[in-house]
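Hi,

Here is the structure I said I would pass on.

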Amino acid sequence: MMKVFLKKTLLLVAVISLAVLTACGGSDDGNDGETEENATVNYNEAVDHTITGIEPGAGITVTTEKAIEEYEELSGWDLEISSTAAMMSELEKAIDNEDPIIITGWNPHWMFAKYPDMKYLDDPKNVYGDEEGINTLTRLGLEDDMPEAYKILDQFEWDVEDMESIMNEANETGEEIETIAEQWVKDNEDKVATWTEGVDDVDGIDFELVSTPWDSERASSGVLKVAMEQKGFNVTVTPVDVAIVFESVANGDVDATIAAWLPYTHKDFYENNKDDLNDLGPNLVGAKIGLVVPEYMDIDSIEDLEAK
Ligand code: PBE
């Protein structure tokens with residue numbers, strides 16, 4: 001009798017515990033929903049309706065201004081324009097404190113090697129676009145004036161991994177990108193040989209490459225300069241704002257650039273100048289830009305943000 005009673009009591013206790021646990025679980029779910037909603041609202045205010053951006057002369061800056069115009073959810077938002085270095089230090093601070101932050105991010109760059117727990121926000125209006133290429137553009141007439149240079153530019157292509165290996169190493173060691181790029185050329189003779197294949201040596205022809213100041217382009221222009229100098233060219237690399245890159249190639253002030261992010265990031269610059277330059281297509285595929293947030297932020301799309 002006593003045993004049966006005990007058994008029943010234990011069973012009852014077990015059933016009650018289970019019920020309590022389930023109830024807690026249930027109310028937890030309810031809280032989650034609330035937290036999610038609140039969190040989204042708070043992100044907008046926590047970042048002060050501000051996207052942390054980079055230099056004024058970048059394509060991603062222009063594209064982000066366009067996104068602010070095109071997305072209702074970004075109406076009233078600001079783009080904080082400063083420098084890539086300033087943006088990266090804001091990002092580091094935010095991640096250290098698990099604070100929300102929205103940056104203008106891109107690949108190839110070492111930001112994803114250093115902070116792998118970040119994500120691109122979905123961009124349903126396709127303002128930033130999908131994956132794109134980094135194209136080679138030359139001035140009109142280069143093929144006739146400098147056939148050897150033209151042939152190297154036409155054959156120049158490499159992979160995201162190549163470019164990133166240079167950028168990551170420079171970031172980790174603190175050495176200049178150009179120094180590492182030079183070493184990369186020595187270590188990758190076979191790949192470099194495909195760029196210069198069938199090209200005769202020249203005797204000190206000056207060649208002007210125009211580029212942008214970001215690590216990705218310091219890496220590409222760095223390797224191409226060394227590869228062309230091995231064939232006898234004297235190469236000058238001039239880093240300038242994106243607008244000047246396109247204008248100077250189109251004006252024929254410089255010979256070429258290998259720094260055109262297309263078809264999205266530099267779209268407007270390309271459209272304005274495309275009739276006056278020669279587009280040799282991508283020298284790298286798999287580049288991307290967009291709005292990037294740390295994974296701990298509970299949003300997935302630009303449309304999860306809210307207008308000011
Ligand atoms: N970037 C890196 C540049 C091109 C290379 C994405 C910051 C831009 O024009 O936005």
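This is a predicted model: local features need pLDDT of at least 70, side-chain atom pairs count only at pLDDT 80 or more; totals for chains, interfaces and linings use all residues.

Let me start with a loop: Pro263 sits in the one between strand E8 (256-262) and helix H12 (267-273).

Pro108 belongs to the loop that runs between strand E3 (103-107) and helix H4 (111-114). While you are looking at backbone geometry, click on Asp48 too: its phi is near 60°, which is a positive value in a residue other than glycine. You'll find Asp48 in the loop between helix H1 (2-46) and strand E1 (50-52).

Now the ligand. It has 13 residues around it, and the closest are Gly59, Ile60, Glu217, Trp261 and His266. Sorted by class, that shell holds eight nonpolar residues, four polar ones and one charged one.

Which residues put polar atoms by the ligand's oxygen atoms? On the backbone side, a polar atom of Gly59 is 2.7 Å from a ligand oxygen, and a backbone N or O atom of Ile60 is 2.8 Å from one. From a side chain, His266 brings a polar atom to 2.7 Å from an oxygen of the ligand. As for burial, the ligand taken alone exposes 280 Å², and the protein buries 100% of that. Two elements give two or more residues to the shell, namely helix H2 (59-70) and helix H10 (215-230).

The residues lining it are Val62, Thr63, Lys66, Tyr264, Thr265, His266, Lys267, Asp268 and Phe269. H2 and H12 each contribute at least two residues to this lining, and by class it splits into three nonpolar, three polar and three charged. His266 is worth a click, as it lines this cavity and is also among the residues closest to the ligand.

Last, the open space. The largest pocket has a volume of about 160 Å³. Its lining includes Glu178, Glu182, Arg218, Lys225 and Val237. Which element gives the largest share of that lining? That is H10, with six residues; helix H8 (177-187) and strand E7 (233-239) each supply at least two as well. By class, the pocket lining comes to three nonpolar, four polar and five charged residues. Glu217 turns up here as a lining residue, and Glu217 is also one of those closest to the ligand.

That's what I have so far.

Cheers

Definitions and conventions: Residues are numbered from 1 along each chain as its sequence is written. Side-chain values use heavy atoms; hydrogens and water are left out. A residue is near a molecule or strand if one of its heavy atoms lies within 4 Å of it. A polar contact is a pair of N or O atoms within 3.5 Å; within protein, one must be able to donate a hydrogen and the other to accept it, and residues adjacent in sequence count only if both atoms are side-chain atoms. Accessible areas come from the Shrake-Rupley method with a 1.4 Å probe; for residues, only the protein chains shown count as cover. Helices (H or I, at least four residues) and strands (E, at least two) are DSSP runs, numbered from the N terminus. Ala, Val, Leu, Ile, Met, Phe, Trp, Tyr, Cys and Pro count as nonpolar, Asp, Glu, Lys and Arg as charged, and the others, Gly among them, as polar. On a 1 Å grid over the protein atoms alone, a cavity is a set of points where a 1.4 Å probe fits but cannot get out, and a pocket is an open set with protein on both sides within 12 Å along at least five of seven lines; lining residues have an atom within 4 Å of a point. Grid points are joined across faces, edges and corners, and a volume is the space filled by probe spheres set on the points.
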